[in-house]
Amino acid sequence: MRVKLIKLLRIFGSVLILLTVLPSSVFAAKIENRSQAAASQPAHVNAATGGNTIVIKADAFGLPLSADKIASLYEGPSVLLQQNDAVRFQVSIPATGLYTLAFDMAASESAVNPPEGQLQVDGAFPVSDARRIVFPLFYQNTTDTFPLDRYGNEALIRQARLERWTRVPIEDANFSLQYPVQINLSQGDHTFEFKVTEEALYLGSIYITPFAQYPNYEQYLQANPASDPAGVSIEIEAEHPAFKNDTSIRPVSDRSLDVTPYDTYRLLLNTMGGESWQRSGTTVYYRFDVPQDGYYYITLRAIQNYKNNYTVFRRITINGDVPFEQLNEVPFGYTSRWTNIPLGGDTPFKIFLKKGSNILGIEATNSPYYSAIEKIKKVLIDINNLSLEIKKLTGNQVDRYKEWTITDYIPDIKDRLVAIANDLKVDKDVLTTINKTGGSQEILTYQMAIDNILFLAQDPDKIPIYMNRFSEGSGSAAQELGTVLPLLQSSPLGLDKIYIHSADKVPQQVETPFFTSLMEGLKRFINSFKPDPYQSIEAGKDELNVWVNRPRQYVDLLQTLVDQGFTKDTGIKVKFSIMPDESKLILANAAGIQPDVALGVSTNQPYELAIRNALKDLRSFPDFDSYIKVYSPGALLSYIINDSVYAIPETQDFWVTYYRKDILDSLKIPIPQTWNEVIEILPELQRYGMNFNTPLSAGSGGKPYLMTAPYIFNQGAHLYSADGFSTGLDSEEAIKAMKFMAESFTIYGMPLTTSSFYDSFRYGSLPIGVSNFETYIKLMTAAPEIAGLWGIGLYPATVLPDGTQNRYATGSAQASIMFARTTKPEESWKFMKWWMSTDTQIDFAQQLVLNYGPEYLWNSANLEAFKTLSIPQEHKDVILQQWQWLQEPVKLPGSYMEEREISNAWNEIVFDGVNPRVAIDNSIIIINREITRKMEEFGYLKNGVKVKEFKIPTIDTVKEWMQNAK
């Protein structure tokens with residue numbers, strides 16, 4: 001339905017607004033109760049936010065106005081736009097020029113990720129940055145004091161969403177520009193369309209303002225005449241912000257005597273940020289009151305010892321605005337200790353503050369390095385394109401004794417290389433000027449890339465034999481630039497205190513006396529000989545003893561969740577310890593010092609413990625079959641012995657196809673869906689020196705089940721015979737699987753070894769291939785130069801003669817187990833159910849990311865919890881679809897020998913040229929001999945005669961348990 005409304009606005013002229021909403025949505029009734037909001041103008045404004053501004057209010061949109069809790073916080077009408085909703089309006093621009101657009105907005109309560117939108121003008125994107133507009137989410141602490149763990153150390157405060165209206169200008173998605181995005185508009189009528197592309201948001205007024213730079217400091221003082229108050233000193237502990245727009249900015253413990261608070265023996269979260277506060281656009285806000293209008297000074301006690309010889313920057317805002325130009329990019333150079341740094345340096349800036357409450361915003365920004373960052377991105381594309389052109393000519397032949405005349409085919413190649421080098425030189429000089437030295441890692445790496453390019457420009461005809469200095473491998477220009485890019489994008493800074501003070505109350509630099517420092521060091525040295533309580537494996541008689549095979553961050557969060565939730569609800573106390581060594585769980589059980597429950601256990605451990613009667617059969621609990629419905633059925637197979645289950649999955653891996661959109665598009669290569677299609681695209685890839693990565697290419701010579709089993713499953717073969725007393729490799733399907741595993745390398749030329757698929761994928765030598773969750777995390781968090789240029793697809797299917805397509809893949813990760821000797825089986829089972837319940841897994845996953853950032857993405861084996869992860873929906877859809885094909889290899893006595901012999905046979909076929917049937921037949925003899933020996937050891941055979949049945953579980957077995965559960 002289209003709703004058209006023509007309304008005449010009188011704002012420095014005639015403004016015509018025509019609005020259309022696509023698609024229509026259900027909105028609440030008219031707003032009634034309104035309070036003062038962030039959209040109101042501050043008393044003192046600068047030239048950038050004052051002046052001739054066109055205001056389009058939400059009641060002109062022709063939509064039902066919102067009147068719920070969030071809408072009532074806004075001073076004015078507002079509407080709620082769901083994902084894919086859009087508003088369209090026509091505006092008469094009075095004069096040609098550059099304009100900025102800003103939105104009064106608030107994220108909806110349901111938003112998990114920052115809302116996103118896009119803006120078109122006259123049916124097209126006016127600038128590339130208008131394609132993706134990222135809006136903020138705000139978070140605040142749920143309490144004012146840090147909770148203490150059971151050992152007296154401070155723990156992170158739980159974060160909660162803050163419902164807050166704010167005015168958001170259009171900025172680049174990476175928040176790297178010095179100013180908001182400017183749009184060039186000609187005089188006359190223009191049609192604007194704003195569309196919400198991710199999440200949902202409340203929209204108030206829209207502002208179209210002629211662009212103006214921030215005033216300089218002198219202009220600011222002239223525009224804001226005021227007195228200088230005296231006797232004012234406000235001290236704020238930086239670890240206690242009022243709110244922030246990124247929860248990964250977190251308090252950090254610092255043991256320096258220069259920071260406050262300080263404790264000799266306890267860990268206090270006494271500083272803010274550091275390496276957790278380095279991404280451009282991330283901001284912390286502090287609220288404070290001043291007694292009267294006037295000029296004040298702001299001093300930060302800060303440290304930047306994270307990057308040697310490097311300057312990071314912060315943008316300072318007061319009540320949402322940058323007061324003047326010098327506060328738009330405030331430099332913080334390298335310091336070896338905590339230092340009081342006044343804004344303005346040796347001549348501190350006077351900053352006008354109005355009486356009462358004010359909000360100070362400190363935003364990380366890499367805008368001074370923007371040109372270098374963008375240049376590197378462009379140069380990497382240019383290097384990749386030029387490399388492809390060269391490979392098209394040479395067929396990727398590397399022969400030192402073969403002469404090429406590249407300049408005949410690419411006449412301007414030398415000019416292109418020199419131009420690239422000269423552009424990089426200019427940016428390198430900018431970096432040197434900013435950092436006052438040429439000794440930083442960023443500048444040195446930049447220079448190495450320039451040297452490589454200039455070396456190649458001297459004799460372009462020799463580039464084919466020097467591709468390792470251009471685009472391939474360690475030390476190439478592409479690799480060096482790919483390394484320096486994230487370094488330029490990161491701006492770490494630690495804060496201890498913030499002082500707002502008058503001229504007569506300048507904070508003094510903290511100087512710790514030498515004797516005090518010596519005594520504190522001696523006390524801590526003596527205290528270091530005490531046993532670490534987090535490593536203690538003892539628990540009280542009334543406590544569950546749980547060992548965790550994970551770093552301390554996970555254990556601290558888990559202890560907090562248990563104390564605040566599980567123990568409070570059930571009365572069951574739980575004591576967590578960091579597992580000393582999971583390989584010694586068997587010895588711990590033999591010594592009688594085993595825990596009740598162990599978490600984070602590698603997937604190969606439960607079977608080894610269970611076959612020795614060390615673990616509790618979890619199916620002995622009556623509600624087990626109904627409980628496991630949250631899992632992929634195939635995830636449980638390696639934990640089953642006969643009809644008993646001895647572990648439950650905790651985290652889950654996935655194997656999917658990663659592909660570079662930009663490279664495959666340029667080569668016009670389709671995304672393969674089957675192994676047959678993979679084989680079809682290999683010649684084209686290999687023609688340009690590229691290839692397809694397989695899991696078998698990773699690691700050393702040993703190929704475990706997680707790499708080999710899918711080939712066997714997808715051919716319709718089985719690892720073992722139906723009764724489990726011999727191998728299943730003697731079937732024609734299994735032999736066919738082994739042959740394809742080998743021929744992938746011997747005939748089709750897939751890479752035998754890949755030291756790092758992540759690096760090869762980034763640099764384009766392996767633009768497509770199969771990999772797992774580890775690669776996904778790296779690409780999401782540590783490959784900014786290819787953001788948006790890659791995607792994932794399903795594991796390639798094996799097509800059987802009848803047309804059936806199988807995509808089975810493993811997904812082993814970590815599991816939870818209960819020991820058979822526990823004296824608290826019911827309490828342990830309650831804890832395990834609570835731990836892997838959907839609500840707990842969602843909470844744990846969210847808190848991990850909120851506290852530590854996206855690098856700590858939690859790949860829960862609970863499917864319902866995984867669906868709520870804050871990753872792109874298209875990625876989640878692929879992963880969840882692939883998990884429908886998850887099948888773990890079953891384990892039985894002697895199965896380790898089959899795993900080993902499959903690897904040995906593959907090595908013999910590939911490296912020694914042994915006939916596949918001969919290699920497999922030799923392996924079958926060894927496997928069957930070992931299975932027989934182990935079956936006798938564990939009482940299934942006696943003198944070669946079967947005395948006890950061994951059941952081989954299947955996916956259908958687990959599905960039947962789930963279906964029959966009460």
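**Charges and ring pairs**

Guide: In this predicted model, the chain carries 89 positive and 110 negative side chains, with the centres of the two sets 2 Å apart. Lys and Arg are the positive ones, Asp and Glu the negative, while His and chain ends are left out; each charge sits at NZ of Lys, CZ of Arg, CG of Asp or CD of Glu. Numbering runs from 1 along each chain as written, and side-chain values use heavy atoms, without hydrogens and water. Local features need pLDDT of at least 70 and side-chain atom pairs 80 or more, whereas totals for chains, interfaces and linings use all residues.

Visitor: How many aromatic pairs are there, and why is the pair of Y627 and Y631 called edge-to-face?

Guide: The count is 53 aromatic pairs. Phe, Tyr and Trp rings (six-membered for Trp) pair with centres within 6.5 Å; planes under 30 degrees apart are stacked, over 60 edge-to-face, the rest tilted. Y627 and Y631 have ring centres 6.4 Å apart and planes at 80°, so this pair is edge-to-face. Y627 also forms an edge-to-face pair with W829, at 5.6 Å between centres and 75° between planes.

Visitor: What makes the Y627 and W829 pair tie together parts that are apart in sequence?

Guide: Y627 belongs to helix α11 (residues 624–627) and W829 to helix α18 (residues 825–835), so the pair joins parts 202 residues apart in sequence. Helices here are DSSP runs of H or I, at least four residues, numbered from the N terminus.

Visitor: How do you know whether W829 counts as buried or exposed?

Guide: Buried means under 20% relative accessible area, exposed over 50%, partly exposed in between (1.4 Å probe, protein chains only). W829 has 2% relative accessibility, so W829 counts as buried. Y627, at 13%, counts as buried too.

Technical notes
Helices (H or I, at least four residues) and strands (E, at least two) are DSSP runs, numbered from the N terminus.
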